[in-house]
Amino acid sequence: MTAITNHMPTAELQALDAAHHLHPFTHGDALNKKGARVITRAKGVTLTDSEGHDYLDAMAGLWCVNIGYGREELADAAARQMKELPYYNTFFQTTHVPAIALADRLAQLTPYDLNHVFFASSGSEANDTNIRLVRTYWEQKGHPEKKAIISRKNAYHGSSMGSASLGGMSAMHAQGGMPIPDIHHIDQPYWYGEGKDTDPAEFGLERARQLEAKILELGEDKVAAFIGEPVQGAGGVIVAPDTYWPEIQRICKKYNILLIADEVICGFGRTGKWFGSETFDINPDVMTIAKGVSSGYAPLGGSLVSDEVAEVLNGCEFAHGYTYSGHPVTCAVALENLRILDEEGIVTRVGSETAPYLKEKWETLAAHPLVGEASVCGLMGSIALSPDKANRAKFAAEAGTAGLICREHCFSNGLIMRHVGDRMVISPPLVITKSEIDTLVERANIALDLAHKQLKDEGLMKAAS
Ligand SMILES: *Cc1c(COP(=O)(O)O)cnc(C)c1O
């Protein structure tokens, strides 16, 4: 048997991939017909494929490679830990140094009194933990009837049964018997797409007050928690109006329900501070982390909880856990990642330099005839494609048609920018430099020009009626 390596012809790798590999969130037949792009290596913000093409990865993988590619310190930390103690569990009244050290570091880094962490291997697992955790919390406090969790439409909280039920993605709910019981969804605070001619501040309040209405509808003695991303990531980088989060916070307090901030994308520097909760002045009882905590070099997730939640939870045996909760190699990698993000001032630089610079450059894209809005929060950005920008119109063509066309032009011009329907989104590594931001925006402009031309040529610049 010959080894499968980077040196095999691309077509052979693609054929083997098509034969044996089922891809997430992918139409298998469509992909297998054209063949997957084979990514072979990466350094800094740049990916290289099997044909030798370079791409500026403006998505940091899947919103996770905050520290950039190719940091040997993380590889060394993993190798050291694998040699010393590659695995041990934390179930049997046992622990180990990497888990202790990472828990301690996370308690220091997170705001307020989120001083306790339950480890998982992904954001999905952590949010599944959260469902059981908040319900167990209320059971312990003598309120087993407080079970309902309220989330938002178009939220993304993961892909397992529990976390995808928390999420509000209609395409996901359509498959496989979701959502699970006692999960409810209110509308998202997406002013550009749904605010019509209301004032954004007023709209933010209205959308937040749907939480209050939902609590009253379900009965305030029935609701365990509200969950939200400080900025909706996979939903299209949607930043709520300023009025939204303070009102959500007020309502959670008033009705005594736990607030879960899903910081899987916003955490670890993405918004220009360590956590989105700091940027938006949210004071959560539970915080979900994953992605940037290890910069994707090893799979890690977790649930941070407040002193009060931990105290209640510690009063029972929480019959929950994963084989890889607090995996020593993953924890060692995360610790090294957090050390570098901190000591090299990477998060600080996002807040003081690169995020303001990206904002200035990115917002120039709003002048493009295809762009209805261009917005930035920290080092995440989005643009809404529109056939009639003055009216924030949607396309008559099926949602995502224009977005996909634009994404393909990005790829052909050395830029990885994702589309969410007809919104284009970016979330580059936090180490991106100003000159790389210039390149990013130049390539985005070229792709927009080409997409605009193609949409015109194909008669697709038509607004939905
Ligand atoms: C990616 C994501 C998740 C799921 O994380 P996985 O590691 O893919 O399971 C959960 N919440 C948010 C906000 C995410 O962006």
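Helices here are DSSP runs of at least four residues, numbered from the N terminus. In this predicted model, helix 6, spanning residues 123-140, supplies three residues to the shell around the ligand, the largest share.

That shell consists of Ser122, Gly123, Ser124, Asn127, Tyr156, His157, Gly158, Glu229, Asp262, Val264, Ile265 and Lys291. By class, six of the residues are polar, three are charged and three are nonpolar. A backbone N or O atom of Gly123 lies 2.9 Å from an oxygen atom of the ligand. The ligand taken alone exposes 380 Å², of which the protein buries 84%.

The description now turns to the sheet. Strands of a sheet pair through backbone hydrogen bonds, in either a parallel or an antiparallel manner. In this model, seven strands form an open sheet with mixed pairing, in the order 4-10-9-8-7-5-6. Strand 4 (114-120) and strand 6 (183-186) each have a single partner strand and stand at the edges, so one side of each has no neighbour in the sheet. On average, neighbouring strands are turned by 25° against each other, direction ignored.

Ile149 has Ile183 of strand 6 as its bridge partner. Helix 5 (residues 97-109) packs on the sheet, where it touches strand 4, strand 9 (286-289) and strand 10 (301-306). The direction of helix 5 makes about 135° with that of strand 4.

Technical notes: Residues numbered from 1 in each chain as written. Predicted model: local features only at pLDDT ≥ 70, side-chain atom pairs only at ≥ 80, totals over all residues. Heavy atoms only, no water. Near = heavy atom within 4 Å. Polar contact = N/O pair within 3.5 Å; in protein donor to acceptor, adjacent residues only side chain to side chain. Areas by Shrake-Rupley, 256 points an atom, 1.4 Å probe, with all protein chains shown as cover. Helix = DSSP H or I, 4+ residues; strand = E, 2+ residues; numbered from the N terminus. Nonpolar A, V, L, I, M, F, W, Y, C, P; charged D, E, K, R; others polar. Pairing = 2+ DSSP bridges. Axes fitted to C-alpha atoms, helices over the stretch in contact; angles between N-to-C directions. Contact = heavy atoms within 4.5 Å.
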